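Welcome! Have a look at the sequence and the fold below, and then we will walk through them together, topic by topic.

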Amino acid sequence: MVTEIRIYFEGDSALKPGFDNFLREIKAAAEGRCRFRLIATNATPAADFHTAIKTHPDAANVLLLDSDETIAGDLSVFCEKKRLAGLSSQVFWMAQIMESWFLADPESLKKYYGSGFQENALHGNPNVEHIPKSDVLSRLKAATRGTKRKEYHKTGHAPHLLASIRPDLVTTAAPNCKRLFDALRERLAEQ
């Protein structure tokens, strides 16, 4: 029986409230069944996760990473390439970067940035997981440049955007995000 779900995410701890809200359905389902924890890995996600597996063997340990590229083919091969061999059932990908998820919900971005937001700058490939990370960031910057909040800034804006985007839209547009939600729901159903 799993006593704890521990989600290790790549990035700064400032993202924790955003992830907490984005994963609110999972957190609510865990309530009363097991403990739910979000842990920032900063610059050492693979190393931190390997340590977590050893130090928390009874937990459902999950690692959430940027893939930095399109994921093609077998996830176990992709994990091996990223020094996470044998962990494909525990590693989940924000393909290609976390900001890819933002493109799945332009309405939430528009609400956050307000006047001057250029939604048409986001248009392009609707498959958000196949948009190169440099294109994702340039689209966000172009869309937000003329707003009161100014150009997209990762540490300044990402926590708020992550908290405001709608998981149902993201899981529809990003199969790897859907895989994360499905796996967590399945673990909770085993409780």
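Predicted model: local features only at pLDDT ≥ 70, side-chain atom pairs only at ≥ 80, totals over all residues.

Residues are numbered from 1 along each chain as its sequence is written, and side-chain values use heavy atoms, with hydrogens and water left out.

**Aromatic pairs**

- The structure holds eight aromatic pairs; rings of Phe, Tyr and Trp (its six-membered ring) pair if their centres lie within 6.5 Å, and planes under 30 degrees apart count as stacked, over 60 as edge-to-face and the rest as tilted.
- The ring centres of Phe78 and Trp93 are 4.8 Å apart with planes at 85 degrees, so this pair is edge-to-face.
- This pair links distant parts of the chain, 15 residues apart: Phe78 belongs to helix α4 and Trp93 to strand β4. Helices (H or I, at least four residues) and strands (E, at least two) are DSSP runs, numbered from the N terminus.
- Phe102 and Tyr152 also form an edge-to-face pair, because their ring centres are 6.3 Å apart and their planes stand at 70 degrees.
- Phe102 counts as buried because its relative accessibility is 0%, and Tyr152 counts as buried at 5%.
- Phe22, Trp101 and Phe181 are linked into a cluster by ring pairs.

**The sheet**

- Four strands form an open sheet with parallel pairing, in the order β2-β1-β3-β4; two strands pair if DSSP finds at least two bridges between them.
- At the edges are β2 (35-40) and β4, each of which pairs on one side only.
- Strand β1 (residues 4-9) pairs with β3 over five bridges, and Tyr8 stands opposite Leu63 in β3.
- Strand β3 (residues 60-66) is joined to β4 by four bridges, and Leu63 has Val91 as its bridge partner in β4.

Notes
Buried < 20%, exposed > 50% of the residue type's maximum accessible area, 1.4 Å probe, protein only.
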